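Subject: Structure handover and findings

Hello,

Here is the model for you to look over. My notes on it follow below.

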2 protein chains.
Amino acid sequence: MSQLQFEIKQNKGFTSTAEEALLNLQRTADHIQIAYTRLFREHGITSQQYNVLRILRGAGEPLPILEVGDRMVTVVPAITGLIDRLEKQGLVRRTRSEADRRVVTVTILGKGLSLLGDLDKPIVTLSKQLLTHMEEKELKKTIQLLEKMRQHCPSCQEKP
Amino acid sequence: MSQLQFEIKQNKGFTSTAEEALLNLQRTADHIQIAYTRLFREHGITSQQYNVLRILRGAGEPLPILEVGDRMVTVVPAITGLIDRLEKQGLVRRTRSEADRRVVTVTILGKGLSLLGDLDKPIVTLSKQLLTHMEEKELKKTIQLLEKMRQHCPSCQEKP
DNA sequence: TGTGGTTACTTGACATATCAACTAAACTGC
DNA sequence: GCAGTTTAGTTGATATGTCAAGTAACCACA
């Protein structure tokens, strides 16, 4: 019996399908997250650190710290510490902007890029492995439903 | 443009549908989590503290600390601190078991139960509100797909 | 030009997650 | 009945999340 089924039984059922869907979502995300966390740990970084590096590589240019924060679910003060640790590992570099001295830009360094390179294949492998038992059509349906789910989310108010 | 669509564009597309599905899952779960976190904070507890309280209420009896841990995604050492804080707030009580003095059981107290009671309606309201735009049929489909997703998850090896 | 508001971070306090290592109690085998 | 193992839980170090408050630089306007 799965953990979730166990809880359902224990809680004498959900009060609504909505609640069941949300709990399921949370559980699934947690389990998937665990798998990725393990992979990243083997390479000496955490999921969040990976996210930052990937955003920087994707951008193709140094980004201001707040820009990085905007592209993550993470709150601003957390970014500061995240960048601190990446810097300490020699994966990125902080630079005070000349044009606006309030702005601090972050540049991904060679060591960071090569770490990401090492992870590219394992990431794809893991993603596929986690979902080998799902058909392409099911995955597309899932994506569509998840996107719809996010539509009315109060914490998803887009910035102007 | 949503944050996710932005990233897709930035990353020049996903390498696979699997990866896209997993990233979507993570994002959606994060956003939903934020909504719940806000609600819980208004009542002075965190999501994890709520989970513990709910497990205790669901069980209907005091549970050993490891039992609580088993029913959460949380790792054992984290439970210790979690219970510490709940105890400090007077919501639960620790008791050393007589039968086996290694075991520490946790009992939910009146204050904990009444806090949960206060949250019951708001929780249902929020769950429904987050998903008002989804049809019952879509929610059921989502649940089914998420359950299937978890089936081959390496971190979901059931305990014997 | 100088004063007040905004912006971009940073810092500090605290909750939580992780792993590794530790303690204490119970069990197991000889 | 004692040594070795297992089990239950705690502790400590580090990473990250939260909010509130602080700092430094820029901007707008009298």
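I start with the sheet in chain A. Three strands of chain A form an open sheet in the order 1-3-2, with antiparallel pairing. Strands here are DSSP runs of E with at least two residues, helices are DSSP runs of H or I with at least four residues, and both are numbered from the N terminus. Two strands pair if DSSP finds at least two bridges between them. Strand 1 (63-64) and strand 2 (92-96) of chain A stand at the edges, each with a single partner strand, so one side of each has no neighbour in the sheet.

A word on the source. This is a predicted model, in which local features need pLDDT of at least 70 and side-chain atom pairs count only at pLDDT 80 or more, while totals for chains, interfaces and linings use all residues. Residues are numbered from 1 along each chain as its sequence is written, and chains are lettered from A and ligands numbered from 1 in the order in which they are written.

**Chain A, in detail**

Strand 2 of chain A pairs with strand 3 (residues 104-108) of chain A in the antiparallel sense, over five bridges. Within strand 3 of chain A, A:Ile108 stands opposite A:Val92, and A:Thr107 is the bridge partner of A:Arg93. Strand 1 of chain A also pairs with strand 3 of chain A in the antiparallel sense, over two bridges. There, A:Leu63 has A:Val106 as its bridge partner.

Helix 3 (residues 47-59) of chain A lies across strand 1, strand 2 and strand 3 of chain A, and runs at about 90° to strand 3 of chain A. Helix 5 of chain A lies across strand 2 and strand 3 of chain A, at about 120° to strand 2 of chain A. Axes are lines fitted to C-alpha atoms, for helices over the stretch in contact, and angles run from 0 to 180 degrees between N-to-C directions. Two residues are in contact if their C-beta atoms, placed from the backbone, lie within 7 Å.

**Chain B sheet**

Chain B has an open sheet of three strands in the order 1-3-2, and the pairing is antiparallel. Strand 1 (63-64) and strand 2 (92-96) of chain B are at the edges with a single partner strand each, so one side of each is left without a neighbour in the sheet. Strand 1 of chain B pairs with strand 3 (residues 104-108) of chain B in the antiparallel sense over two bridges. B:Pro64 stands opposite B:Thr105 in that strand 3 of chain B. Helix 3 of chain B lies across strand 1, strand 2 and strand 3 of chain B, at about 90° to strand 3 of chain B.

**Where the chains meet**

57 residues of chain B are in contact with 57 residues of chain A. Helix 2 of chain B gives the largest share of the side of chain B that touches chain A, 18 residues. That side divides into 22 nonpolar, 20 polar and 15 charged residues. (Ala, Val, Leu, Ile, Met, Phe, Trp, Tyr, Cys and Pro count as nonpolar, Asp, Glu, Lys and Arg as charged, and the others, Gly among them, as polar.)

Helix 7 (residues 136-151) of chain A packs with helix 2 (residues 17-42) of chain B at an angle of about 25°, with their axes 9 Å apart. These two helices are therefore roughly parallel to each other; angles under 35 degrees count as roughly parallel, over 145 as roughly antiparallel, 65 to 115 as roughly perpendicular and the rest as oblique. Residues making the contact include A:Leu139, A:Ile143 and A:Leu146 of helix 7 of chain A and B:Ala21, B:Leu25 and B:Thr28 of helix 2 of chain B.

**The DNA**

22 residues surround DNA strand C, and the closest are A:Ile65, A:Pro77, B:Thr46, B:Val75 and B:Pro77. A residue is near a strand if its C-beta atom, placed from the backbone, lies within 6 Å of it. Helix 5 of chain B supplies the largest share of this surface, five residues. By class, the surface near DNA strand C has eleven nonpolar, six polar and five charged residues.

DNA strand D is surrounded by 22 residues, the closest being A:Thr46, A:Val75, A:Pro77, B:Leu66 and B:Pro77. Helix 5 of chain A gives the most to the surface near DNA strand D, with five residues.

Best wishes
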